[in-house]
Amino acid sequence: MDYAHLGRTGLKVSRLALGTMNFGELTDEATSFSIMDEALGAGINFFDTADVYGGPQSPDMEKGFGISEEIIGRWLSQGSRRDRIVLATKVYQPMGTGPNDRRLSAYHIRRACEASLRRLKTDHIDLYQMHHVDRATPWEEIWQAMEQLLREGKITYVGSSNFAGWDIAAAQCTAASRNLLGLASEQSLYNLTQRTIELEVIPALRHFGVGLIPWSPIGMGLLGGVLGKVAAGRRAAPQLQQKIARLRPQLTAYEALCGELGETPSNVALAWLLHNPVVTAAISGPRTVEQLRQNLKAPSLTLSSETLAKLDEIWPGPGGEAPNAYAW
């Protein structure tokens with residue numbers, strides 16, 4: 001397994017991160033344990049979750065969310081595993097029915113962190129990520145809350161997710177005024193079919209030294225050999241079928257290219273992301289141990305410049321970075 005610095009920090013994480021969004025909803029606890037065992041054995045030291053992961057909430061909002069963290073916590077409690085992984089979770093999403101049970105007020109950040117620590121059965125979170133931007137809460141308040149958690153040793157680094165380029169700039173400028181490191185990483189939707197962040201988010205991350213952790217690297221299954229799976233009789237959801245119909249010419253060309261390379265489409269999609277120097281790690285969110293095993297080759301897969309150019313032809317980006325992409 002290859003490792004890279006998390007943004008400009010001194011922390012090294014595996015270039016493939018284990019995403020646990022399926023734990024508790026699509027993947028049962030026993031299988032989740034097996035996946036984490038396999039990941040750790042393969043050298044993956046970066047585990048990503050969120051307080052909201054785990055399954056549909058019940059009407060009273062007391063069940064469902066938090067299950068992923070609870071499963072990880074029970075796995076961590078079995079043996080000396082905690083110090084072998086970089087544990088990341090998130091805050092922002094609603095975790096109750098009260099008006100302050102969501103978003104990024106200092107009130108909610110403190111309570112949400114304490115709740116995540118209990119579910120994860122640990123005394124610290126290595127990377128505490130804001131799941132979305134909260135433009136109704138001032139950055140001074142957000143950083144005050146994060147700074148308090150840092151002082152108490154409850155978190156080590158702060159990250160963001162789904163931020164715009166200017167949100168990243170605003171966060172970093174306020175952090176700098178408080179003599180804080182600021183953001184170590186940003187999780188964004190990024191894959192061959194979704195390249196909008198190349199306009200402004202990636203340039204902002206490069207400028208501020210913030211590592212990129214793409215989520216949905218396989219494009220919700222589109223880049224995982226979906227045409228072959230459909231041809232083999234696997235039934236896709238109606239929404240996915242609509243996307244397949246719209247993108248069929250590109251998907252056909254893409255899967256043909258992967259066939260010429262002798263590589264699985266999912267590994268090519270992951271390897272393409274890892275060729276970008278701004279990308280620290282790509283998230284693999286397997287439902288089974290076999291799916292994880294299939295992705296383990298991606299970090300060592302080198303794509304030639306010719307292959308990268310062909311991928312750009314099949315899946316063109318926004319035309320470069322702003323404003324050059326559209327101003328001239």
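Buried means under 20% relative accessible area, exposed means over 50%, and partly exposed lies in between, with a 1.4 Å probe and protein chains only. R135 counts as exposed, at 53% relative accessibility. This is a predicted model: local features need pLDDT of at least 70, side-chain atom pairs count only at pLDDT 80 or more, and totals for chains, interfaces and linings use all residues. Residues are numbered from 1 along each chain as its sequence is written, and side-chain values use heavy atoms, with hydrogens and water left out.

Start with the sheet. Helices (H or I, at least four residues) and strands (E, at least two) are DSSP runs, numbered from the N terminus. Eight strands form an open sheet with parallel pairing, in the order β9-β8-β7-β6-β5-β4-β3-β10. Its edge strands are β9 (211-215) and β10 (282-284), and each pairs on one side only. Two strands pair if DSSP finds at least two bridges between them. From one strand to the next, the twist averages 30°. Strands of a sheet pair through backbone hydrogen bonds, either parallel or antiparallel. Look at β7 (residues 155-161) and β8 (residues 183-189): they run parallel and are joined by four bridges. S160 has E186 in β8 as its bridge partner. Helix α3 (residues 106-120) packs on the sheet and touches β5 (86-91), β6 and β7. Contact here means heavy atoms within 4.5 Å. The direction of α3 makes about 135° with that of β6. Axes are lines fitted to C-alpha atoms, for helices over the stretch in contact, and angles run from 0 to 180 degrees between N-to-C directions.

Now the helices. Helix α2 (residues 67-76) is mostly covered, with seven of its 10 residues buried. Those buried residues are S68, E69, I71, I72, G73, W75 and L76. Their cover includes α1 (29-41), β4 (46-48), β5 and α3.

Helix α11 (residues 305-314) has T307, L311 and I314 as its buried residues. They sit on the same side of α11 because they cover an arc of only 60° around the axis. The arc is that of the directions from the helix axis to the C-beta atoms. S305, E306 and E313 are exposed on the other side of α11. Among the elements covering the buried residues of α11 are α8 (238-261) and α9 (265-274).

Next, a helix pair. α5 and helix α6 (residues 201-208) pack at an angle of about 25°, and their axes are 8 Å apart. That makes α5 roughly parallel to α6. Angles under 35 degrees count as roughly parallel, over 145 as roughly antiparallel, 65 to 115 as roughly perpendicular and the rest as oblique. On the α5 side, G165, I168, A169 and Q172 meet V201, A204, L205 and F208 in α6.

Turn to the charged side chains. Side chains of opposite charge can pair when their charged atoms come close. A salt bridge is a side-chain nitrogen of Lys or Arg within 4 Å of a carboxyl oxygen of Asp or Glu. How many salt bridges does the structure hold? There are 17. In one of them D167 pairs with R135, and the closest N and O atoms are 2.6 Å apart. This pair links distant parts of the chain, 32 residues apart. D167 is in helix α5 (residues 165-177), and R135 is in the loop between β6 (125-130) and α4 (139-151). Is D167 buried or exposed? D167 counts as buried, at 2% relative accessibility.

K154 and E152 also form a salt bridge, at 3.1 Å from N to O. K154 is buried at 18% relative accessible area, while E152 counts as partly exposed at 40%. K310 is partly exposed at 33%, and E306 is exposed at 52%. Elsewhere, salt bridges that share partners join E114, E152 and K154 into one network.

Finish with the backbone. Most residues other than glycine have a negative phi, and most peptide bonds are trans. Y92 is not a glycine, yet its phi is positive, about 150°. Y92 is found in the loop between β5 and α3 and is buried, at 12% relative accessible area. K121, another residue other than glycine, has a positive phi near 55°. K121 is found in the loop between α3 and β6. A cis peptide bond joins A322 and P323, with omega about -5°. P323 lies in the loop between α11 and α12 (324-327).
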